[in-house]
Amino acid sequence: MSRRVYVEVTAVFTPEGQVMPRQIRWEDGTLFPIDRVTDIRQAAATKAGGCGLRYTIRLRGQQTYLFLDEDRWFVEAKDKKQPTA
């Protein structure tokens, strides 16, 4: 199961008017530079629900998705396991 994690994103505007993310600040404050943006399209966040612009990015050598939902950025993250009784 996944959840939305809203993140702070540093982005730039290209001369063509596209928004290009450059780095993500995770919930704990860790900064992750984005290696590359490989695709941008309207798409649903199938694991965490919702939709928006989906950026396919390379982050630390791994492919993942970053979503821009109106004016907020989020990623899909695995739910933290609940302790068992």
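**View 1. Glu8 is partly exposed, at 47% relative accessibility.** On this scale, buried means under 20% relative accessible area and exposed means over 50%, with partly exposed in between (1.4 Å probe, protein chains only). What you're looking at is a predicted model, where local features need pLDDT of at least 70 and side-chain atom pairs count only at pLDDT 80 or more, while totals for chains, interfaces and linings use all residues. Residues are numbered from 1 along each chain as its sequence is written, and side-chain values use heavy atoms, leaving out hydrogens and water. Glu8 stands opposite Arg25 in E3, and these two also form a salt bridge, their closest N and O atoms being 3.5 Å apart. Because Arg25 lies in strand E3 and Glu8 in strand E2, the pair ties together parts that are 17 residues apart in sequence. A salt bridge here is a side-chain nitrogen of Lys or Arg within 4 Å of a carboxyl oxygen of Asp or Glu. Arg25 is partly exposed as well, at 32% relative accessibility.

**View 2. Seven strands make up an open sheet with antiparallel pairing.** Read across it and the order goes E1-E7-E6-E5-E4-E3-E2. At the edges sit strand E1 (2–6) and strand E2 (8–13), each pairing on one side only. From one strand to the next, the twist averages 35°; axes are lines fitted to C-alpha atoms (for helices, over the stretch in contact), and angles between N-to-C directions run from 0 to 180 degrees. E2 and strand E3 (residues 19–25) run antiparallel and are joined by six bridges. Strand labels come from DSSP runs numbered from the N terminus (strands are E, at least two residues; helices are H or I, at least four), and two strands count as paired if DSSP finds at least two bridges between them.

**View 3. Ile34 sits in strand E4 (residues 31–44).** Its relative accessible area is 12%, so Ile34 counts as buried. Skipping residues up to four places away in sequence, Ile34 touches Pro21, Arg22, Gln23, Ile24, Ile57, Arg58, Leu59 and Leu66, with contact meaning heavy atoms within 4.5 Å. Take Leu59 as one of these neighbours: Ile34 and Leu59 are 25 residues apart in sequence, yet 5.1 Å apart in space, C-alpha to C-alpha.

**View 4. Arg4 and Asp69 meet through their side chains in a salt bridge (3.4 Å, N to O).** This pair links distant parts of the chain, with Arg4 in strand E1 and Asp69 in strand E6 (residues 62–69), 65 residues apart. Both ends are partly exposed: Arg4 at 25% relative accessibility, Asp69 at 22%. Asp39 and Arg41 form a salt bridge too, their closest N and O atoms being 2.6 Å apart. Asp39 is partly exposed at 23%, and Arg41 is partly exposed at 44%. The salt-bridge count comes to four. In general, side chains of opposite charge can pair when their charged atoms come close.

**View 5. Tyr6, Tyr65, Phe67 and Phe74 are linked by ring pairs into a cluster.** The count of aromatic pairs comes to four. One of them is Tyr65 with Phe67: the ring centres are 6.4 Å apart and the planes at 55°, so this pair is tilted. The rule takes rings of Phe, Tyr and Trp (its six-membered ring) with centres within 6.5 Å; planes under 30 degrees apart are stacked, over 60 edge-to-face, and the rest tilted. Phe67 is buried at 1% relative accessibility, whereas Tyr65 is partly exposed at 29%. The charged end of Arg54 sits over the ring of Tyr65, 4.3 Å from its centre, and Arg72 lies over the face of Tyr6, at 3.6 Å from the ring centre. For a charge to sit over a ring, NZ of Lys or CZ of Arg must be within 6 Å of the ring centre and within 35 degrees of the ring normal.

**View 6. Arg60 has a positive phi of about 55° without being a glycine.** Most residues other than glycine have a negative phi, and most peptide bonds are trans. Arg60 is found in the loop between strand E5 (51–59) and E6, and is exposed, with a relative accessible area of 64%. Glu70, also not a glycine, has a positive phi of about 60°. Glu70's place is in the loop between E6 and strand E7 (72–78), where Glu70 is exposed at 74% relative accessibility.
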